[in-house]
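Subject: Structure handover

Hello,

Here is the structure for you to take over. My notes on what was found in it follow below.

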Amino acid sequence: MTTNILWFLAGLALLIVGAEVLVRGGAEVAVRLGIRPIVIGLTVVSIGTSMPELAVGVVSSGDGSGALAVGNIAGTNVVNVLLILGLSALLVPLLLQTRTIRLELPLMAVAALLLWALAADGVLSRVDGVVLVIGALAYTVAVIRSARDESHEVEEEFAVELAAEYGTDEVGAVTTKKRSTWVYVAMTLAGIAILVLGADWLVDSAVGMARQFGVSDALIGLTVVAIGTSAPELVTTLISTIRGDRDIAIGNLIGSSIYNLLLILGVTCLVPAQGLELPASLVSVDIPIMVAVALICIPIFMTGRRVSRIEGGLMVCAYGAYLAFLLLTA
């Protein structure tokens with residue numbers, strides 16, 4: 001048991017490091033290609049922070065542990081919304097941007113409903129994966145189009161935030177840095193390699209823990225793995241909250257949740273030829289809970305376009321109750 005825990009922690013550490021290296025390299029490459037900072041923040045960074053989930057999904061589905069892959073996505077999205085956003089609002093009442101309310105919240109609910117519909121037969125096939133990936137591409141196009149309508153102040157905020165968080169150049173395609181672009185390409189590739197290695201260690205140890213505890217792979221994915229792979233988002237959001245600079249972090253968190261459901265799970269479904277076979281509990285209980293969380297967020301977030309401390313506290317309590325439910329019914 002101790003060995004599995006140590007390998008799990010080592011794998012998780014590599015996932016966190018690999019995601020950070022990948023996002024830093026990828027963001028700088030995107031800047032040097034002349035992509036606008038707001039587009040980088042809404043797409044490259046959101047996808048980059050979902051890379052641990054993708055690595056875990058691809059490795060686990062390839063090893064025949066599809067339940068762990070889907071459980072990780074469902075569990076991560078519940079963590080993102082109830083625990084991370086709830087804690088953020090509990091610290092400081094959360095004000096939401098118009099784009100988040102009009103575009104990202106409804107699309108997160110639609111993506112969750114789409115996944116539920118595709119999983120109803122107990123299998124996520126390669127065709128289902130293609131549908132999800134197409135949905136991710138459509139979402140990306142919608143994000144890029146919505147970015148065109150943002151004000152100059154929002155554009156500047158993204159540029160400054162990218163420079164502060166990832167060391168990118170604020171002036172766009174004309175870089176003032178002396179490092180070659182190939183250094184950042186190498187960072188991106190190195191980040192991917194680190195992610196794959198970390199996912200391999202984490203998945204093997206997580207499956208080992210599931211066997212030793214006598215619980216399902218899906219439960220491990222919904223709890224330990226989901227909380228672990230959400231650790232970077234939790235730290236980033238809480239630090240941004242304390243600094244009073246969390247608008248972009250919140251937008252990236254919801255965007256990452258959408259990419260988890262569409263792009264990450266879609267690509268994961270394409271790996272095994274027979275698709276991902278899902279246990280009945282995941283289809284009838286866990287995925288519907290994830291859908292319910294996404295739907296409940298819409299009225300909560302749209303009421304006054306803010307999430308109060310009381311609402312944030314209730315969201316954290318709801319996650320605690322959800323975690324207790326999972327453990328008691330294991």
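Glu20 counts as partly exposed because its relative accessibility is 34%; buried means under 20% relative accessible area, exposed over 50% and partly exposed in between, with a 1.4 Å probe and protein chains only. The model is predicted, so local features need pLDDT of at least 70 and side-chain atom pairs count only at pLDDT 80 or more, while totals for chains, interfaces and linings use all residues. Residues are numbered from 1 along each chain as its sequence is written, and side-chain values use heavy atoms, with hydrogens and water left out.

Salt bridges

Glu20 forms a salt bridge with Arg24, with 2.7 Å between the closest N and O atoms. A salt bridge here is a side-chain nitrogen of Lys or Arg within 4 Å of a carboxyl oxygen of Asp or Glu, and by this rule the count comes to three. Both Arg24 and Glu20 lie in helix α1, four residues apart, about one turn of the helix. Helices are DSSP runs of H or I with at least four residues, strands are runs of E with at least two, and both are numbered from the N terminus. Arg24 has 30% relative accessibility and so counts as partly exposed.

Another salt bridge joins Arg32 and Glu28, whose closest N and O atoms are 2.9 Å apart. These two are separated by about one helical turn, because they are four residues apart in helix α1. Arg32 is buried, with a relative accessible area of 14%, and Glu28 is buried at 1%.

Asp217 forms a salt bridge with Arg211, the closest N and O atoms being 2.8 Å apart. Asp217 counts as buried at 11% relative accessibility, whereas Arg211 counts as exposed at 52%.

Pocket and cavities

The second largest pocket holds about 180 Å³ of space. On a 1 Å grid over the protein atoms alone, a pocket is an open set of points with protein on both sides within 12 Å along at least five of seven lines, a cavity is a set of points where a 1.4 Å probe fits but cannot get out, and lining residues have an atom within 4 Å of a point. Grid points are joined across faces, edges and corners, and a volume is the space filled by probe spheres set on the points.

The lining of this second largest pocket includes Leu22, Thr43, Met51 and Thr188. Helix α2 gives the most to that lining, with four residues. Ten of the twelve residues of α2 are buried, so this helix is largely enclosed by the rest of the structure. Among the buried residues of α2 are Pro37, Thr43 and Gly48.

Three cavities of 30 Å³ or more are found in a search of the whole structure. The largest cavity has about 50 Å³ of space. Among the residues that line the largest cavity are Asn77, Met108, Leu261 and Met290. Two or more lining residues come from each of α4 (66-91), α5 (98-119) and α12 (280-302).

Thr241 is in helix α10 (residues 231-243) and counts as buried at 5% relative accessibility. Thr241 and Leu87 are 154 residues apart in sequence, and their C-alpha atoms are 9.5 Å apart in space.

Regards
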